[in-house]
Amino acid sequence: MPPRHVYVHVPFCARRCSYCDFSIAVRRSVPVDEYLVALERELARRVPRDERWTIDTLYVGGGTPSQLGADGVARMLDLLTTRFALEPDAEVTLEANPDDISLDGVRRWRSAGVNRLSIGSQSFDPRVLDWMHRTHSAEQITQAVAAARAGGIENLSLDLIFALPQELGRDWDRDLEHALALAPQHLSFYGLTIEPTTPLARWRDRGEVREAPEERYESEFLRAHDLLARAGYEHYEVSNYARPGKRSRHNSSYWRRVPYAGFGPAAHEFDGVRRRWNIAPYAGWVRAVHEGRDPLEADEVLGDESRRAEEVYLGLRVAEGVDIDEAMALRVQPWVDAGWAELDASRLRLTPAGWLRLDALAADLTLIASRC
């Protein structure tokens, strides 16, 4: 059966953020036509017109997909719907930066089928936004939310980054209060990590910044959990919160390990057994599809051990947790005693304190399962 979830990667950005190591293409002038022609060729190779898929979710990420502009996004959606039939209640998400969001643009996106925006806010502190190399102001976040709602898109998600270097003097509580005041349906929080090839890594290596200590990482993570839980949000995955009924359906498909397809440079996909990922550099992806080749960079068939480890890891990172047997329950009782997990009959769920130790606990549970 064809997958019912589709991801499309749009790599363009106006500027590389200081912490970013994603597959992006920084362009002053976005080559919309070139990108759409290449995307159409990849779709034609992998999704024949007479096999039009019916899908539940479509997620357009990046990069900064909103860099395509109102007309470019609409043209992309028109192209995609020649290959995919959207269910009447399909979730169609577009990632956007605040400075790309206008009332006219939102109306065009909504008319084309977008019904959910994921807005890359990151912070409401002007100094922090400048340090991150963000192209928007704090005021533009509020303006973007207002424009989105006025244009007919109510389902909004905001991103924020926590655990920033102490030197910035960032007030985490203030950022959380700003975000809550905008009352989005969804919020995502990501702890800052320093990746090797980023400007941030160079600043650290020169001694200009220091990573936040683990204690502050933990305190800010738990502070967000407490404030959002009191505000009525469900902490349904390590980094994600939602109003009841407003979880990201697309991202939830990843955590449930259901099949999804991916198109565009660096896009990943999973058919239930095999994972594949496309060529990451934009120029290489364009060249491959123009030469009539599959832009595949590599793939992997999951063996039993890899599949089991993945099931445990993804299961523990969501609120529903994983099923375990009686022998395993005895082995994880110390986690419950430490306040890292809760055990309800055969269901093991991590607490927020446990999520802070996710990698280690998932590895331990995988090892325990292999021995039971």
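Me: Which residue in S10 is the bridge partner of Glu234?
Reply: Ala242 is the partner of Glu234 in S10. Keep in mind that this is a predicted model.

Me: In what sense do S9 and S10 pair, and over how many bridges?
Reply: Antiparallel, over three bridges. S10 covers residues 240-242.

Me: What sheet are they part of, and what's the strand order?
Reply: An open sheet of nine strands. The order runs S9-S10-S8-S7-S6-S5-S4-S1-S11, and the pairing is mixed.

Me: Which strands are the edges?
Reply: S9 (234-237) and S11 (261-263). Each of these pairs on one side only.

Me: How much are neighbouring strands turned against each other?
Reply: On average by 20°, ignoring direction.

Me: Which helix packs on the sheet, and what does it touch?
Reply: Helix H1, residues 32-46. H1 touches S1 (5-10), S4 (53-62), S5 (84-96) and S11. The direction of H1 makes about 145° with that of S11.

Me: New topic. How do the axes of H12 and H14 cross?
Reply: At roughly 155°, and the axes come within 10 Å. H12 is residues 326-338, and H14 is residues 358-371.

Me: Left-handed or right-handed crossing?
Reply: Right-handed, as H12 passes H14.

Me: Which residues meet there?
Reply: From H12, Met328, Arg331, Val332 and Trp335. They meet Leu361, Asp364, Leu365, Ile368, Ala369 and Arg371 in H14.

Me: How do the residues of that contact divide?
Reply: Seven are nonpolar, three are charged and none is polar.

Definitions and conventions: Residues numbered from 1 in each chain as written. Predicted model: local features only at pLDDT ≥ 70, side-chain atom pairs only at ≥ 80, totals over all residues. Heavy atoms only, no water. Axes fitted to C-alpha atoms, helices over the stretch in contact; angles between N-to-C directions. Helix = DSSP H or I, 4+ residues; strand = E, 2+ residues; numbered from the N terminus. Left-handed = near helix turned anticlockwise from the far one by under 90°. Contact = heavy atoms within 4.5 Å. Nonpolar A, V, L, I, M, F, W, Y, C, P; charged D, E, K, R; others polar. Pairing = 2+ DSSP bridges.
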